[in-house]
Amino acid sequence: MAFRILMIRAACAAAVLVANLAQAIEPTAQYPGAAPGATRFLDKDELLAGFDDPAWFKHNIPFLDVPDAQIQQIYYFRWQSYKGHLVYTGSVYGWLSSEFLEPVDYGAPYGGISAAAGHHINEGRWLRNHQYVKDIVHYWLNGPGQFSKPMNESVNKDTSDWAHEYSFWAATSVWQVALATGDRQFAINALPHLVRHYRGYDTHFNATLGLYWQVPVWDATEYTPASYESSDPYHGGAGYRPTINAYQYGDARAIAAIARLAGNTALAEEYNGRASALQTAMNSRLWDSRAKFYFHMHRDDNPAHKLLTTRELQGFVPWMFHVPTPAQTPAMAQLLAPQGFKAPFGPTTAERRSKWFNHEVDKGCCRWNGPSWPYETAQVLTAVANLLIDYPKQSTITAADYVELLHTYAATQYRDGEPYVAEAHDADADRWLYDSPNHSEDYNHSTFVDNVISGLIGVRGQAGDAVRIKPLAPASWDYFLLENTPYHGHNLTVLWDRTGKRYGQGAGFKVYVDGVLAAARGLPTAVTVAVPRPLLQDNRDGVVNLAANTQKFSHGAQPFASFTGPKDSPWKATDGIVFRTGLPQNSRWTSSGSPHAVDDVGVDFQRPATLSEVRLTFYDDQAGVRLPANFDLQYWDGKTWLDIPGQTRSAVTPNAAVSITFPKLTASKLRVSAPNGSGTGWGLSELQAFGKPVFQFVNVDSGGPMVAAMSTSRATGAPAAESVWELVDAGAGWFKIRGVTTGDVLSAGARTKSGQKVGTTAELARDGDAEHLHWALVDAGGGQFKIRNRLSGQLLGQQSHHLVMSPDAGVPDQLWKPYSAADSRP
């Protein structure tokens, strides 16, 4: 089957090796700032056999070789699953990591759900292309995650924006991204957003107790033991939970660390103080010294502040953020106890001793009172790794226990012998309990890759120019290898070879940086290795996918086709997602069943757009839809279809992106035309058309474009050059709006010292990085955007054909529609 992953068994040792060339180097500079060299000890083609789009994985992921076949197989499977959840939302917000493959009605715009956003960010920090994880962060902190949402029971009545719909450890995750990528400025730029996110939970803070409360369902857990002891078993009664308090503790420490980088000593001291106070409150009020565990405390009708008596898996979350002291380590014994959380497909989400264990478990989704949920298993693995790597030596739990927990977690992620992950698994039997068809497959609600990299192999990011490595993989293993992990823009390889024969580099434990041996020890052990200064990647790569129209905006690119199979849609070829071919979900256009000899599919940009590359992902199910024998890529010149001149094509491979580059071309439409096979059609999972993010901004009230003369016109024809603007990524979700004719940027009119008023009229200014030159595009629905200034917080509007700055008044003259435009620059 196309989605099957190659099983690498220990006996197949020689199959994954390359010729024994000491410190073999291969170029890896696929992205701006990428390191020049890497090791070449594993055969990537062999490891990626059966993958869709193997080139993407070659360019993006670290490669793993371990003797535990299930851990290795699930590692590669989870990278496949993660890729399928990368959604390109459009040219403004870029990439998002989704939870479900198809959006759900309680999610944020474009399909985001904040419940597992911390998991998505932690997992994505190990991709070589940093833009994915940066965009995910920006989506939540200065994009759709910040949009207002209804305050009702279906989407959390206690919060007003999407990033706070569920508990979310935002700052901790951003800090981990900075430690892995070495991009400290990225974290500094995000600092104001992180503080705002942290303070967004102020409404959940009890100053008397010094604790935060959360409703279990908005902690991403329904039907918990705590919930069953409330009047609302589904949502659960509000309570002071180890989770939300640990998240806030970790985020406070992360904000303090980022503030120190920014030179903001006062902010660092404030948030370290918040963290210390919260740690004290948690350990005095949520920790039961007799039961040696953290428990939920009901907020209401609980004047004595009694703790729940059921141990829940969430009680280990504080170790994920380094809250507990070494004296609290005995709690970990419950992970190994038969009447605690231990299970063949566990750990269980509630201890077996509880009267609520597996209560109503077969009555339907979603019980967190016994079943094994990857969400919490991943958190527990992170917590145990932190204890073993960062705390003093102890005897309660060992590295061998961690490896066994990780193996159990991997063994859970199968169905019918194939790699699989859904919502929740029976902790005692090989079956998924909560697994809805066309909904739960490839459920992206947890980490696994991060648990392998930062736990099993022990790669721990550092704020300075170094990396700490402390493997939890056992020395009893004859070998393990994590090859070319992206770290600070460099390539980090960690290798253990007992005999020296597997990788041909000699016996022992070795660390390589950019293909060069940086450390060697006789056995796997903790080691800190110097790493050259970070090689940073530019924000975005200068181009965006102009064909993407995930929200089907009427003014955006409109897909069309000469024929469409009955289960398909041309819109699914421009929805920004590419699913694995082994999934039942449909994200493709096909000509299946067509009566025509030749069919085409394309996009109408509705106005001239300037392009330089098209990427086509041809869908091939090995049945009724096959790779076409050939294809033409054409553009509309206003009268007829013509082949795009000067095309250079990469290899055409089923279910993989084919890149077609060409000299810059301006066209209003393009199409792909190909013959149908005998009894078969052909299809595309995605059609991408890349060009500079150049737009004409049309005012909703006047119908005229924003022009360089700082006035708007009611003219609706093709844009004049002075009305064409380029969105320039300024980091942290902000943009500069630069005129293509002058190179000047839109300014809120503020060049004054702090405390003086921002100008009321927008104007052009020289390019720079001042806050009055930074803008956020806020989706107002229906393809309309508000344009908000970073310094003033005011909106760009149009009054009497002049551009003005004013507070949000909810009026049409403060709304704009971006249309693709021709780029007149040479």
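User: What counts as a helix or a strand here?
Analyst: Helices (H or I, at least four residues) and strands (E, at least two) are DSSP runs, numbered from the N terminus. Note that this is a predicted model.

User: OK. Where is P347?
Analyst: P347 is in the loop between α11 (317-320) and α12 (374-390).

User: Is P347 buried or exposed, and why?
Analyst: P347 counts as buried because its relative accessibility is 3%, and buried means under 20%.

User: Which residues is P347 in contact with?
Analyst: Leaving aside neighbours within four places in sequence, P347 is in contact with L313, L335, F341, S372 and T377.

User: And what separates P347 from R415?
Analyst: Their C-alpha atoms are separated by 18 Å. Along the chain, P347 and R415 are 68 residues apart.

User: Switching to pockets. How much space lies in the second largest pocket?
Analyst: About 640 Å³. The second largest pocket is lined by 30 residues. Nearest its centre lie Q176, L179, H322, D390 and R460.

User: Which elements give two or more residues to that lining?
Analyst: They are α6 (170-181), α9 (242-261), α12, α14 (449-456) and β14. Of these, α9 gives the most, with 7 residues.

User: How do the lining residues of that pocket divide?
Analyst: Into 12 nonpolar, 11 polar and 7 charged.

User: You mentioned β14. Which sheet is β14 in?
Analyst: An open sheet of 3 strands, in the order β14-β15-β20, with antiparallel pairing. The edge strands are β14 (459-461) and β20 (527-530), and each pairs on one side only. From one strand to the next, the twist averages 30°.

User: How many bridges join β14 to β15?
Analyst: There are 3 bridges between β14 and β15 (residues 466-469), and the two strands run antiparallel.

User: What stands opposite V459?
Analyst: I469 in β15 stands opposite V459.

User: Now cavities. How many are there of 30 Å³ or more?
Analyst: The count comes to 6 cavities of 30 Å³ or more. About 310 Å³ of space lies in the largest cavity.

User: Which residues are closest to the centre of the largest cavity?
Analyst: S91, A548, F553, G556 and P818 are the closest, out of 22 residues that line the largest cavity. The elements giving two or more residues to this lining are β2 (86-90) and β39 (816-820). The most comes from β39, with 3 residues.

User: How does that lining divide into nonpolar, polar and charged?
Analyst: The lining of the largest cavity has 12 nonpolar, 10 polar and no charged residues.

Terms used: Residues are numbered from 1 along each chain as its sequence is written. This is a predicted model: local features need pLDDT of at least 70, side-chain atom pairs count only at pLDDT 80 or more; totals for chains, interfaces and linings use all residues. Side-chain values use heavy atoms; hydrogens and water are left out. Buried means under 20% relative accessible area, exposed over 50%, partly exposed in between (1.4 Å probe, protein chains only). Contact means heavy atoms within 4.5 Å. On a 1 Å grid over the protein atoms alone, a cavity is a set of points where a 1.4 Å probe fits but cannot get out, and a pocket is an open set with protein on both sides within 12 Å along at least five of seven lines; lining residues have an atom within 4 Å of a point. Grid points are joined across faces, edges and corners, and a volume is the space filled by probe spheres set on the points. Ala, Val, Leu, Ile, Met, Phe, Trp, Tyr, Cys and Pro count as nonpolar, Asp, Glu, Lys and Arg as charged, and the others, Gly among them, as polar. Two strands pair if DSSP finds at least two bridges between them. Axes are lines fitted to C-alpha atoms, for helices over the stretch in contact, and angles run from 0 to 180 degrees between N-to-C directions.
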